[in-house]
Amino acid sequence: MRYQSLLATALLAAFAVACQSPFGTAANESAGVESLQRSGGNAPAMDRAQLLEDLRILAADDMEGRLVATAGSERARAYIISRFEQIGLEPIGESFESTFEFARPNGWSPSTTGTNIIARLRGTGESGRVMVISAHYDHMGMRGGEIWNGADDNASGVAGLLATAASFATTPPQHDIIFVAFDAEEHGLQGAEAFVANPPVPLETITFNLNLDMLAMSQERILWAVGTYHYPALIPVVDAVAARSNVNLPMGFDEPTEERGADWTHATDSGEFHAAGIPFIYLGVDYHPHYHEPTDTYENMTLDFFQDASETVIDFAREADRQLDMIGDASGR
């Protein structure tokens, strides 16, 4: 994921003071369920225990940091596919796996094979527009004999993606949704680049990308929504979800600037969708001391926040599904 600046940390702290959530920790679970009931109609409450189990398993030591093209990555991929199958998603084609080749930087190897994991859930409508919900599953692997577990970056995003898929599998969306776990994000968004270059459905039908990258660590209970500077038609969507959310959901970090780390537009996989003219919202937390450190472990996450943030992700996905035709009309897709 992105490089973060100290300025971003200061902005986060200032926002937290001004916009602290009125919900106390003891009320988190009931408030989160109520928000989903208000926004999702008959949508079931998220399985909070399964969410944590997915995070714990993907960030466990035996995944060895999920570095692309390693045994740990293969184990993570097998787990994600098993969860896709358990949820009831279908592959597009014969397999959930979609391989691609890329050259690693710094001369590590002339070519490396990455593997995206792609699934589809068919909608009940007939508009032909498609939403892609994404999160990268790779991380940094092992360094100096230490495992860089990548709990927040980005086992948390994958766990949130699985929770969202499970919700839609129970109460189907209006539009087709593609769920994709990208590989090799940490090597320059390689999985997302390969997906956009060779999409499993016609690119012109992909109307919106909701990208999840780092959902599990925020003492200030802030989940940033990035992308509305480029796609202002999405502001009412963010506002609607923020009004129901049990976490703070500000917009920002998407305006061009000379300040390093202050524009996250191209900092994660949604940047490849934006480069192709596809509207996006990227949901993620800001810098914290465990970012790209071996201390990014399950035990160091703010788990109550992560559960509430994931419920907000599900609500956002449902709101985007309801508004997908508006999003497409506003962007000419």
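This tour moves through the structure selection by selection, from the confidence of the model to its sheet, its helices and its aromatic pairs.

The model is predicted, so local features are described only at pLDDT of at least 70 and side-chain atom pairs only at pLDDT 80 or more, while totals for chains, interfaces and linings use all residues. Residues are numbered from 1 along each chain as its sequence is written, and side-chain values use heavy atoms, with hydrogens and water left out.

**Confidence**

Colour the chain by pLDDT, the predictor's confidence in each residue, from 0 to 100. The mean for the protein chain is 89, and 86% of its residues reach 70 or more. Next select residues 3–40, where pLDDT stays under 50. For this stretch the model has 63 contacts beyond four places in sequence, a contact being heavy atoms within 4.5 Å.

**The sheet**

Helices (H or I, at least four residues) and strands (E, at least two) are DSSP runs, numbered from the N terminus. Select the seven strands that form an open, mixed sheet in the order E1-E2-E6-E3-E7-E9-E8; two strands pair if DSSP finds at least two bridges between them. At the edges are strand E1 (97–102) and strand E8 (224–226), each pairing on one side only. Neighbouring strands are turned by 20° against each other on average, direction ignored; axes are lines fitted to C-alpha atoms, for helices over the stretch in contact, and angles run from 0 to 180 degrees between N-to-C directions.

Begin at E1, which six bridges join in antiparallel fashion to strand E2 (residues 112–121). Glu-97 has Ile-117 of E2 as its bridge partner, and Ser-98 stands opposite Asn-116.

Now select E7, in which seven of seven residues are buried. Five bridges join E3 to E7 in parallel, and four join E7 to strand E9 (residues 280–284), also in parallel. Centre the view on Asn-209 of E7, which stands opposite Val-132 and opposite Phe-280 in E9.

Helix H6 (residues 190–197) lies across E1, E2, E3, E6 and E7, running at about 145° to E6.

Helix H4 (residues 71–87) follows. Its buried residues, among them Tyr-79, Ile-80 and Phe-84, pack against helix H3 (48–58), E1, E2, H5 and E6. Just after H4, Gly-88 takes a positive phi of about 105°.

**Aromatic pairs**

Finally, show the rings of Phe, Tyr and Trp (its six-membered ring), which pair if their centres lie within 6.5 Å; planes under 30 degrees apart count as stacked, over 60 as edge-to-face and the rest as tilted. There are nine aromatic pairs by this rule. Phe-182 and Phe-273 have ring centres 6.3 Å apart and planes at 50°, so the pair is tilted. Because Phe-182 lies in strand E6 and Phe-273 in helix H8 (residues 270–275), the pair ties together parts that are 91 residues apart in sequence. Both Phe-182 and Phe-273 are buried. End at the cluster that ring pairs form from Trp-224, Phe-253, Trp-264 and Tyr-282.

Conventions. Buried means under 20% relative accessible area, exposed over 50%, partly exposed in between (1.4 Å probe, protein chains only).
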